[in-house]
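Open your viewer and switch to a cartoon view. This tour moves from a sheet to the helices beside it.

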Amino acid sequence: MGESGKKSNESNWIINIDQIQDSTRRNYFSVLPEEKKLQEFFSDAFVINNPKGSVGGDGFWLHNHDDDVYLALFTCVGEGHLASMMIRIYMNALKKMVEGYSIDFPGSILQFLHREVQARFKDKNNILLNTNANVGIVKLNRVSKQMEFAGANMDLLQVHRNGAHVIKGEESQVGETGEHRPSYNSISLENTTDSNFYLCSTGTFNLIGGPDLKKITVNQLGTFLRDKRRMEMDEQKAIIDQYLTAWTGANRQNDDIMVIGFKS
């Protein structure tokens with residue numbers, strides 16, 4: 001083969017790889033709800049989704065039934081295409097739990113979600129996919145404004161006039177293989193109308209930077225947001241994005257980032 005033929009094949013290979021990556025990226029973003037759908041379900045809301053690469057392992061899921069809204073954010077362990085494949089599995093499993101089985105308490109949803117993922121992969125030895133995920137689920141009644149939260153290795157940040165409060169989830173992930181059977185509790189929250197809430201992916205708090213080259217903490221983010229709580233959510237989205245970028249500084253983004261902010 002002549003030099004011109006080699007160059008042509010190399011060019012075609014590069015174009016094909018670019019097309020595959022573009023297609024994968026489009027598929028990743030297309031499977032997630034649009035931000036405007038989030039804003040339809042909550043009085044004000046935003047989502048920041050900044051994958052480390054062309055695709056990410058962070059996802060979120062929305063569902064409404066009568067006056068209740070369900071929001072789940074999940075970080076699938078791992079990176080890139082394999083982690084993004086697990087997003088579809090978790091989204092379908094959540095849909096099955098809530099829409100199919102009518103399981104409506106966040107803690108129970110996590111419990112059954114764990115069993116569902118375990119059952120799906122129990123006979124697959126040496127699987128390349130990491131099936132674990134960190135998950136936070138919120139259920140909001142749009143009339144009473146009562147909220148329930150459950151977390152699997154994920155917390156909920158609440159910011160109100162008295163400061164920032166971290167509502168802790170359980171330490172166990174969902175989807176871990178083996179005989180471990182974690183339990184997840186639903187935490188009830190009332191009088192939510194004067195608060196802002198934030199679900200953050202695991203990668204958000206893996207960002208290394210700041211003056212001491214350390215990871216950002218949920219308490220630092222809460223302190224930063226306390227004075228901004230009266231801002232509209234689209235304004236908060238911009239300043240949080242800027243804050244995380246400034247924290248990272250000259251360091252490379254080392255993980256996927258997803259932040260969902262909402263008001264009841």
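The stops below say what to select and what is there.

This is a predicted model, where local features need pLDDT of at least 70, side-chain atom pairs count only at pLDDT 80 or more, and totals for chains, interfaces and linings use all residues. Residues are numbered from 1 along each chain as its sequence is written, and side-chain values use heavy atoms, leaving out hydrogens and water.

**The sheet.** Select the five strands of the open sheet, in the order E1-E12-E9-E6-E7, with antiparallel pairing. Strands (E, at least two residues) and helices (H or I, at least four) are DSSP runs, numbered from the N terminus. Strands pair if DSSP finds at least two bridges between them.

Find Val-159; opposite stands Asn-196 in E9.

**The helices.** Select 218-226, helix H5, which lies across E6, E7 and E9. Next, take 233-248: helix H6 packs on the sheet and touches E1, E9 and E12 (257-263). Contact means heavy atoms within 4.5 Å.

**Where the helices meet.** Show side chains. Gln-220, Leu-221, Phe-224 and Leu-225 in H5 meet residues of H6, including Ile-239, Tyr-243 and Trp-247.

Technical notes. Axes fitted to C-alpha atoms, helices over the stretch in contact; angles between N-to-C directions.
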